[in-house]
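Dear colleague,

Please find below the structure that I am handing over to you. My notes on what was found in it follow directly after it.

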Amino acid sequence: MKWYVVPGIELTGQPFIKKIKLSGKGIIIIGYQNNLYALGSACPHAGAELSGGWCKEGKIICPFHRYSYDLKTGKGSPGQNDYVDSYPVEMRAGEVYVGIDTLWDRVFAIK
Ligand code: FES
């Protein structure tokens, strides 16, 4: 796994959703109830931008059709049978880092 620093995020205690691009992937960094989360930015239902959504009860709500996805796991709510990619996110010395599997991580995970 490779870790990327995400510049420009200040944690103020206020909720936020920020879209970034890392390693060719659209990712949203979410600050919600004093925790950080990182999810893919495209809704798996029909491709809407989740960065235009909002958080409620530990889930992000898609602005298009209101599907919802768990902030920790990316798993869709019951009945949706879908998920959005989720990424590990950490604070280190005041900076936000997001971990993304490398090609080798994925190759070895298949074995
Ligand atoms: S595009 Fe997100 S719920 Fe339909």
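Ser-41 is located in the loop that links β4 (35-40) and β5; strands here are DSSP runs of E with at least two residues, numbered from the N terminus. The model is a predicted one, in which local features need pLDDT of at least 70 and side-chain atom pairs count only at pLDDT 80 or more, while totals for chains, interfaces and linings use all residues. Residues are numbered from 1 along each chain as its sequence is written, and side-chain values use heavy atoms, with hydrogens and water left out.

Is Ser-41 buried or exposed? Ser-41 counts as buried because its relative accessibility is 5%; buried means under 20% relative accessible area, exposed over 50%, and partly exposed in between (1.4 Å probe, protein chains only). Contact here means heavy atoms within 4.5 Å.

In the order β5-β6-β7, 3 strands form an open sheet with antiparallel pairing; two strands pair if DSSP finds at least two bridges between them. Its edge strands are β5 (54-56) and β7 (68-70), each of which pairs on one side only. Strand β6 (residues 59-61) is joined to β7 in the antiparallel sense over 3 bridges, and Lys-59 stands opposite Asp-70 in β7.

A further open sheet of 3 strands, also with antiparallel pairing, runs in the order β1-β10-β9. Because β1 and β9 (89-92) are at the edges with a single partner strand each, one side of each is left without a neighbour in the sheet. The strands β9 and β10 pair in the antiparallel sense over 4 bridges, and Met-91 has Val-96 in β10 as its bridge partner.

Finally, there are the nonpolar cores, each a set of buried Ala, Val, Leu, Ile, Met, Phe, Trp, Tyr and Cys residues joined through side-chain atoms within 4.5 Å. Which residues of the largest nonpolar core touch the most other members? Of its 15 residues, these are Val-6, Leu-22, Ile-27, Ile-29, Ala-38, Val-98 and Ile-100. At least two residues of this core come from each of β1 (2-6), β2 (16-22), β3 (25-32), β4 and β10 (95-100). A second, separate core has 13 residues, including Ile-28, Cys-43, Leu-50 and Val-84. Not counting residues up to four places away in sequence, Ile-29 has contacts that include Val-6, Phe-16, Leu-36, Ala-38 and Val-98.

Yours sincerely
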